[in-house]
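I opened this entry to keep track of what I looked up. I wanted the overall build first, then the places where parts touch.

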Amino acid sequence: MTTKMKRRINRILLWVLIVLMAVWMLFPFYWAINSSFKSEGMLAMTPTTFIPRDPVTREVSFFTRNYEAVFTNQAFLRGIVNSVIVATSVTLLSLAIGSFAGFALGKLRYRGKTATLYVILAMTMFPAIAVLTGLYAMINNLGIPPIPSMIITYMLFTLPFTAWVLTAFFRELPTEIFQSAQVDGASPFQTFYMIMLPLTAPALVTTGLLAFIGAWNEYLFALTFTSIAPDARTLPVIIANFPSQFSRQIPFGEIMAGGIVSSVPLIALVFIFQRRIVAGLTAGAVKG
Amino acid sequence: MARQGGSDLARREQRLAYWLLAPTFIILLAIAIYPLFSVFYTSFTNNVFASAAPTEFVGFQNYQRLLSMTIRQLPPRLDEAGRPIVDPNTGAVQYESAVTVLPREPIRFRPVTQFDLFGTRYVLGATDPNFIRAVWDTIVFAVATVFLELVLGMIVALIVNANFKGRGFMRAIILIPWAIPTAVSSQMWAYMLQPNRTGFFNTVFWYLGLGNGEIPFLSDPAWQLPSMIMIDVWKTTPFMALLLLAGLQLIPGDIYEAADVDGAGPVRQFFQLTLPLLKGTIAVALVFRTLDALRVFDLFQIVLGQARYSMASFTYYELIQNRQMGYSSASSVVIFLVLSVFAVTYMRSLGVKSDDH
């Protein structure tokens, strides 16, 4: 009887913790949604309200002009296009190039393998800020436009990570497949392309997702390389330096609406691919 | 096709390996190694971006300006009789202005902070107080966030490792703070931290009877770092939790069954079984997160701008705002060296598994 009671108390305690955790994780997001449905007058109310309320009548009322403003804001719309172009290109390039490297590192025998593994691992931790000045000078000297600049430089963090995680996946594929394909007369590259690559499809999805999220969220390079090219700005730069259309103060309502819009694709990915994302994140950091 | 000897096959395999690795290494050479060397080189020059002045080699001058510090004793202010002036209201001794004791030649030192030691007042001066403060703040930020994230991340990991209905859903929920762009979450929190009751925190504190509802969380120096730490802990605890969860899942369940039989309670089980078995995972997670925290940029730049710098945002403003290529390169190098120390520790603790010999 006491064990049963104990178990029930534990159960209740667990659920209390679960609820607390969920509130902590979600509340800022709820607050952003709440604020995105407020007009300037509603945002200026003191004390603030936990659901959008009319300042005079105090009735619950949702103000949707912020979303209209965001979707008619040329800079924001261009930001969506830029972000999609940059994140997609970075993802595809990293997967293509990274899977080559991952296959070589995980399955092929060659001299200097340990050294190359160390280089890739070291690169996964390379601080972007350390080369910011150098990249900025290089891009200006070569006259590379901002969008290609972002696509190329984002590979600084997506490529080593992709290669590193794919190496781990390739290594786990049974060597017999590789050997029997070679016995059947397939060249190593054919083996890679026609047999191994399809087998790593799940790993490609995982690393692709992480590369996409990383590129979508990147801020430092985007901010620096578009400092004199507003048309090339990606969503994070636009959200952080929001160009106001209507209000003269900081347009927090629009910023929140814009922030929600730019987060929705990521939240959708998280819910669809939760398992894969968790697997990829931990593979990158824990597996050796 | 005729079958060839093993060594020929091996040679072919090796050649293929080099070809497959070439694109990755060429790209990394172009966007990491070359710029890194150019940053090292530029850090020894007085290069100013888009300036007509010729670039000259200046040796360690940038580093000197960045890192020079001095500690001077600060004498109390004396009245005509030679006695220290004491504030009649607070009883505090009045000190001379810090700039009077700091050296001015060849480069002017400016005060960073003052502190008391054995009843004497000292002043810490630096040629670039902003950078010294940025380094100090970044380290404080990193230590505090990583520690809090470890504790909270462990709790979160233990929760989502327990068996309950909707566990998969909860794991997706804890991914949300990690997944949304830092630019967005920084703006979200900046709005919640507004310095009046339009902000969430001021409203709640005011309802609870704490503060006057006008706490300047982001402009009062005393509140700035705690605010940054709170935001970052929210944003990155999920990542820490997932790393720890991966470690938890590697622990075989029968260990706990044996402990149950022995009558060890859950708290004892955690400290005597789980924690020691997680040591490796925790070490890796700590260094990994420390590296990340030390290069924090987005959060500081977006929320605090130039009110208070992290090492990375200092570098950014020197480059973009002041166009000081040489000087910002030097600060990049300092960051790189600090991070390298941590990275080497990380590599050591992780180790590389290579199966070719």
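My notes on the chains, their domains and their contacts follow.

**Entry 1: the model.** I am working with a predicted model. I keep that in mind for every value below.

**Entry 2: chain A, secondary structure.** I found 14 helices and zero strands. Reading along the sequence, I get α-α-α-α-α-α-α-α-α-α-α-α-α-α for chain A.

**Entry 3: chain A, overall shape.** What radius of gyration does chain A have? I read 24 Å for chain A, whereas a compact globule of 288 residues would come out near 19 Å. I then took the spans of the C-alpha trace along its principal axes, and chain A covers about 80 × 75 × 30 Å.

**Entry 4: chain A, burial and contacts.** I checked burial next. Of the 288 residues in chain A, 49% count as buried. I also looked at sequence separation. Among contacts in chain A with a separation of 6 or more, 75% join residues 24 or more positions apart.

**Entry 5: chain A, domains.** I looked up the domain assignment for chain A. Domain 1 runs over 1-63 and domain 2 over 66-285. Taken over C-alpha atoms, the centres of these two domains of chain A are 34 Å apart.

**Entry 6: where the domains of chain A meet.** I counted residues on both sides. Domain 1 of chain A puts nine residues in contact with eight residues of domain 2 of chain A. Which helices supply at least two residues each to the domain 1 side? I noted helix H1 (2-36) and helix H2 (40-43) of chain A. H1(A) gives the most to that side, with four residues. By residue type, the domain 1 side that touches domain 2 of chain A holds four nonpolar, three polar and two charged residues.

**Entry 7: chain B against chain A.** How many residues of chain B are in contact with chain A? I counted 87 residues of chain B, and they touch 87 residues of chain A. Helix H1 (residues 6-42) of chain B brings the largest share of the chain B side, 20 residues. I sorted the chain B side that touches chain A by type: 60 nonpolar, 19 polar and eight charged residues.

Methods:
Residues are numbered from 1 along each chain as its sequence is written. Chains are lettered from A and ligands numbered from 1 in the order in which they are written. This is a predicted model: local features need pLDDT of at least 70, side-chain atom pairs count only at pLDDT 80 or more; totals for chains, interfaces and linings use all residues. Two residues are in contact if their C-beta atoms, placed from the backbone, lie within 7 Å. Ala, Val, Leu, Ile, Met, Phe, Trp, Tyr, Cys and Pro count as nonpolar, Asp, Glu, Lys and Arg as charged, and the others, Gly among them, as polar. Domain bounds come from an automatic or database domain assignment. The radius of gyration is taken over C-alpha atoms; the globule rule is 2.2 Å times the number of residues to the power 0.38. A residue is buried if 20 or more other C-beta atoms lie within 10 Å of its own, exposed if 12 or fewer, and partly exposed in between; C-beta atoms are placed from the backbone.
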